[in-house]
Amino acid sequence: MQLSAVLLFAVIPRSVAIQGSSVLIPKGLNATTPEISNKERRHLFAKRFTHDFEEGLLPDLHLKKDLNNLNLLERQETSKEAKDYVFSGICGLAIFLLAASMHWFNEERSAKMDVLLSTGLEECTSVDADSALIENRGRLVHVQGRTCGKIPLADPQFQDAAISNCLKLQSTVEVLEWVPSCMSVQTAQNDKDGKSVPRFHTEWTTTHHESARFRQPSPKNPRLPGGIILGTTTSICDHVELGRFSLSTDMLSHFRGYEPAMERLPDMVQTCGITFYANPKDGFFYGRPWLRPSATAKAEVLGRHQEGDLRVRFMCVPDCDATVVAVQCHKDGQDTFVPYRVVARGPCTNESQDRIKLVEEGEKPYKDYIRHDRCMTGGVATCCCCPCNTVACFTSQEVVTEEIFYISDSLEPAEKPFKQAVQRNPLRVWNLRLAGWLLTYLSMGLLFRPFGDALAVLSVFGRFATRIMLAMIALSSWTLIVGAAYVSYRPSMALKCCFGLGIIVGVPIAWDRLSMGS
């Protein structure tokens with residue numbers, strides 16, 4: 001045994017502690033040697049020990065003990081590496097899903113905006129307002145003509161205020177009352193007390209001020225007559241036509257060319273037993289609650305105003321020229337319009353089916369239309385699609401044009417609504433793209449970590465071969481997502497994306513092959 005120990009010390013002069021036992025290391029294979037890995041070092045240990053045992057330099061007991069320790073260490077390191085690879089794979093997959101979601105929503109919104117403006121302008125057709133042709137239903141049309149209110153329009157408070165050939169009628173009722181002033185009056189007595197007297201003035205207001213709420217001392221406001229509603233009231237004609245097309249109430253909200261309606265109204269209007277007299281000088285009708293209708297009362301009301309007097313002003317939008325750019329449809333027995341929105345168009349659908357989709361999409365409420373940006377909403381599905389919905393919430397804050405539904409009270413060309421469309425902010429678009437590229441690059445590095453240097457197949461790039469390959473994968477995945485975003489709206493753009501994918505993948509590979517050949 002002493003001879004064996006001497007031989008072992010002479011042949012293997014160095015040792016290292018492994019799992020509580022001493023493992024002998026051959027000379028020249030120090031544990032601090034950086035040129036070889038631990039796995040290669042273990043194989044060299046085993047080979048050297050086997051050689052020494054065959055030469056009779058090591059006893060059988062020492063060889064088995066050292067080999068068992070080496071195998072135990074190798075199993076532990078293999079298990080640790082497997083856990084690291086699984087963890088990196090899970091993290092890489094999660095990051096890739098986040099990056100893909102970011103790319104998808106960013107590129108889909110850009111694709112919809114591109115198709116809405118470019119395809120919409122190409123498909124827009126100018127038609128005559130007096131000829132609502134059936135073949136134009138479901139198409140984006142540009143219509144010009146003169147609107148016409150078909151039924152008289154009356155104010156809900158003043159039944160005498162009824163006019164014809166009008167789209168909208170607006171009334172604003174005000175009362176003359178005492179209201180607090182911003183400044184207060186200082187007196188000698190109040191200066192001593194450190195207080196101030198509130199100041200009031202009279203003005204025409206659309207809000208009734210209760211005197212009991214004023215700071216005392218204060219003047220008294222008369223009680224407002226029962227049934228009078230202060231403020232502005234707008235009435236819209238129920239039947240307005242543009243040639244042979246009918247305009248809905250939502251479309252009439254775009255007409256804002258108000259003008260005074262006094263010339264269209266009688267000299268006196270009444271409501272709640274109060275008579276209002278027209279004053280052509282300022283365009284208002286004035287009334288006093290406790291006066292009976294007479295010439296004297298008219299002169300008194302128009303000559304001098306006092307607290308509690310009422311006045312009303314009528315404004316109207318008369319028949320005028322109009323321009324509409326929207327999708328023609330047939331609804332409730334009349335030809336009318338709905339918004340033009342982007343719809344998916346498959347390669348197997350025909351033109352009539354696409355027109356039906358345009359009408360159905362335009363008839364949806366706007367809130368339901370924009371909810372399509374979310375994958376799933378409500379319940380557990382919202383948690384499952386958390387990355388998608390998070391990116392959707394971030395991108396949905398943009399103020400962009402989602403549809404073409406242009407109504408103007410003047411004659412405008414068909415290109416104007418497309419020129420006035422609010423497009424996406426390029427800075428936001430490219431920031432999302434850069435973030436998606438970086439996240440995809442990081443996720444690919446984690447997913448392909450177990451393969452080591454297997455990705456370094458492009459030897460022409462040297463030590464950057466692995467990084468170039470990861471960048472190629474990141475750009476290729478982005479190109480595929482862009483193509484998927486366009487394939488349902490513009491297939492030609494999807495083909496261009498496939499061509500770009502071929503360039504991203506083919507150029508580096510061709511360069512590597514040419515370099516190897518030369």
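This note sets out numbered points on the structure above.

1. Basis of the model. The model is predicted: local features need pLDDT of at least 70 and side-chain atom pairs count only at pLDDT 80 or more, while totals for chains, interfaces and linings use all residues. Residues are numbered from 1 along each chain as its sequence is written, and side-chain values use heavy atoms, with hydrogens and water left out.

2. Overall composition. The protein chain contains 14 helices and 19 strands; these are DSSP runs numbered from the N terminus, with helices (H or I) of at least four residues and strands (E) of at least two. Of its 518 residues, 39% count as buried, where buried means under 20% relative accessible area, exposed over 50% and partly exposed in between, with a 1.4 Å probe and protein chains only. Among contacts with a separation of 6 or more, 66% are between residues 24 or more positions apart; a contact means heavy atoms within 4.5 Å.

3. The largest pocket. Its volume is about 470 Å³. A pocket is an open set of points on a 1 Å grid over the protein atoms alone, with protein on both sides within 12 Å along at least five of seven lines, whereas a cavity is a set of points where a 1.4 Å probe fits but cannot get out; lining residues have an atom within 4 Å of a point. Grid points are joined across faces, edges and corners, and a volume is the space filled by probe spheres set on the points.

4. Lining of the largest pocket. The lining holds 24 residues, and S248, D250, K331, F337 and V338 lie nearest the centre of the pocket. At least two lining residues come from each of β11 (245–247), α5 (249–252), β18 (334–338) and α7 (351–363). β18 gives the largest share, four residues. By type, the lining has eight nonpolar, eight polar and eight charged residues; Ala, Val, Leu, Ile, Met, Phe, Trp, Tyr, Cys and Pro count as nonpolar, Asp, Glu, Lys and Arg as charged, and the others, Gly among them, as polar.

5. β18 is mostly covered, with four of its five residues buried. It pairs with strand β17 (residues 321–331) in the antiparallel sense over five bridges, pairing being assigned if DSSP finds at least two bridges between two strands. K331 stands opposite Q334 in β18. The two strands form a hairpin with two residues between them, and D332 in the turn has a positive phi of about 55°.

6. Strand β16 and its partners. Eight of the nine residues of β16 (residues 310–318) are buried, so this strand is largely enclosed by the rest of the structure. β15 (residues 284–287) runs antiparallel to β16 and is joined to it by three bridges, with G287 and L310 as bridge partners. β12 also pairs with β16 in the antiparallel sense, over two bridges; there the bridge partner of E259 is C316.

7. G257. This residue is in the loop between α5 and β12 (259–260). At 34% relative accessibility, G257 counts as partly exposed. G257 and P318 are 61 residues apart in sequence, yet their C-alpha atoms are 8.1 Å apart in space. Not counting residues up to four places away in sequence, G257 touches C316, V317, P318 and D409.

8. Is E174 buried or exposed? E174, in strand β7 (residues 166–185), is buried because its relative accessible area is 14%. Its side chain makes a polar contact with the side chain of R311 at 2.6 Å. A polar contact is a pair of N or O atoms within 3.5 Å; within protein, one must be able to donate a hydrogen and the other to accept it, and residues adjacent in sequence count only if both atoms are side-chain atoms. Leaving aside neighbours within four places in sequence, the contacts of E174 include W204, L230, F284 and D309.

9. N106. Helix α3 (residues 60–123) contains N106, which counts as buried at 0% relative accessibility. The side chain of N106 reaches the backbone oxygen of V429 at 3.2 Å. Beyond neighbours within four places in sequence, N106 is in contact with R424, V429, L432 and R433.

10. Cavities. The structure holds two cavities of 30 Å³ or more. The second largest cavity has a volume of about 50 Å³, and its lining includes V115, T119, Y340 and Y489. That lining divides into five nonpolar residues, one polar and two charged.
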